[in-house]
Amino acid sequence: MEHDDGEACPAGSPAGRASLVDLGPVEQLRAGRLGARLLRLYAGLAVYGASLTVMVRADLGLAPWDVLQSGITRYVPLTLGQAVVAVSFVVLLLWVPLREKPGLGTLSNAVVVGVVCDLTMPLLDRPDHLAARLLMMLLGVAMCGLATALYIGAQLGRGPRDGLMTGLARRTGLSLRLVRTGLEVAVVAVGLLLGGVIGPGTVVFAVTIGPVTQALLPRFTVSLRAPQRPRRTGER
């Protein structure tokens, strides 16, 4: 459900654009422009939840993690949004041995996306015509890319699945791309076994969401104050 574009440079790049910085939970809140960042965070999470609804109603396949979550709803009395929340907190438990640190955005992501998904689901119906469903599927992917750029650009913590990916990459020494691919193949496989919803939309999402997010992220990343390092003895 979430996506991380890899390592970030300090704020204030030569190109004049804000960059992602790696801050702890408290530093994230103290890094300035908190009001704008909170607005961006929750707008992104709301759009993300709505994008999941759009993909469901297009009925052409879901994103990899959502294939798993739709499969879970076949065996557990949960709505899709509730399954999203439940899986998010299970994934957060996996952060413990990886020593990942959650931020406000991490916990918000775990809750808000699923809640918005359930709230928006009754507002949309499945279109009758294939062309309309194709357009809806593409809209869902575009909305998800925008949402990911918004909430990552707020710099208030990785989402649960992003943190699992980066934590595993750090622990294993494997590349982010390889770890992400392995995780998504695994969750799709388990989702299929559970009867999850897969289709061409799953492939389109997997192939395009990275480039879409990468293209939009620089436009929505909030510039933060670089954390001040303590002065050494003798420095002026």
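Predicted model: local features only at pLDDT ≥ 70, side-chain atom pairs only at ≥ 80, totals over all residues.
Q: At what angle do H3 and H4 pack, and how far apart are their axes?
A: The angle is about 115°, and the axes of H3 and H4 are 9 Å apart. H3 and H4 are therefore roughly perpendicular to each other. The crossing of H3 over H4 is right-handed.

Q: Which residues of H3 and H4 meet?
A: On the H3 side they are Trp65, Asp66, Gln69, Ser70 and Ile72. Their partners in H4 are Leu80, Ala83, Val84, Val87 and Val91. Sorted by class, this contact has seven nonpolar residues, two polar and one charged.

Q: Is Tyr75 buried or exposed?
A: The cut-off for exposed is over 50% relative accessible area. Tyr75 has 58% relative accessibility, so it counts as exposed.

Q: Which residues does Tyr75 touch, leaving out those up to four places away in sequence?
A: Tyr75 touches Leu193 and Leu194. Sequence separation and distance in space are read separately here. Tyr75 and Gly195 are 120 residues apart in sequence, yet their C-alpha atoms are 9.4 Å apart in space.

Q: How do the axes of H7 and H8 cross?
A: Helix H7 spans residues 160-172 and helix H8 spans residues 176-193; their axes come within 9 Å and cross at roughly 125°. The hand of the crossing is read separately from the angle: H7 passes H8 in a right-handed crossing.

Q: Which residues of H7 meet which residues of H8?
A: H7 contributes Leu164, Met165, Thr166, Leu168, Ala169 and Thr172, and H8 contributes Leu176, Val179, Arg180 and Leu183. By class, the contact has seven nonpolar, two polar and one charged residues.

Q: How are H2 and H6 set to each other?
A: Angles over 145 degrees count as roughly antiparallel. The axes of helix H2 (residues 34-58) and helix H6 (residues 130-153) cross at roughly 160° and come within 8 Å. H2 and H6 are therefore roughly antiparallel to each other. Their crossing is left-handed. The contact of H2 with H6 contains 17 nonpolar residues, four polar and three charged.

Q: Where does Gly49 lie, and is it buried or exposed?
A: Gly49 is part of helix H2. The cut-off for buried is under 20% relative accessible area. Gly49 has 0%, so it is buried.

Q: What does Gly49 touch beyond residues up to four places away in sequence?
A: The residues touched by Gly49 are Val113, Val116, Cys117 and Thr120. For one of them, Val116, the C-alpha lies 4.9 Å from that of Gly49, although the two are 67 residues apart in sequence.

Q: How many helices and strands does the chain have?
A: There are nine helices and zero strands. Of the 236 residues in the chain, 47% count as buried. The chain exposes about 12200 Å², and carbon and sulfur atoms supply 64% of that area.

Q: What share of the contacts in the chain with a separation of 6 or more comes from residues 24 or more positions apart?
A: The share is 82%.

Conventions. Residues numbered from 1 in each chain as written. Heavy atoms only, no water. Buried < 20%, exposed > 50% of the residue type's maximum accessible area, 1.4 Å probe, protein only. Contact = heavy atoms within 4.5 Å. Axes fitted to C-alpha atoms, helices over the stretch in contact; angles between N-to-C directions. Helix = DSSP H or I, 4+ residues; strand = E, 2+ residues; numbered from the N terminus. Left-handed = near helix turned anticlockwise from the far one by under 90°. Nonpolar A, V, L, I, M, F, W, Y, C, P; charged D, E, K, R; others polar. Areas by Shrake-Rupley, 256 points an atom, 1.4 Å probe, with all protein chains shown as cover. Parallel < 35°, antiparallel > 145°, perpendicular 65-115°, else oblique.
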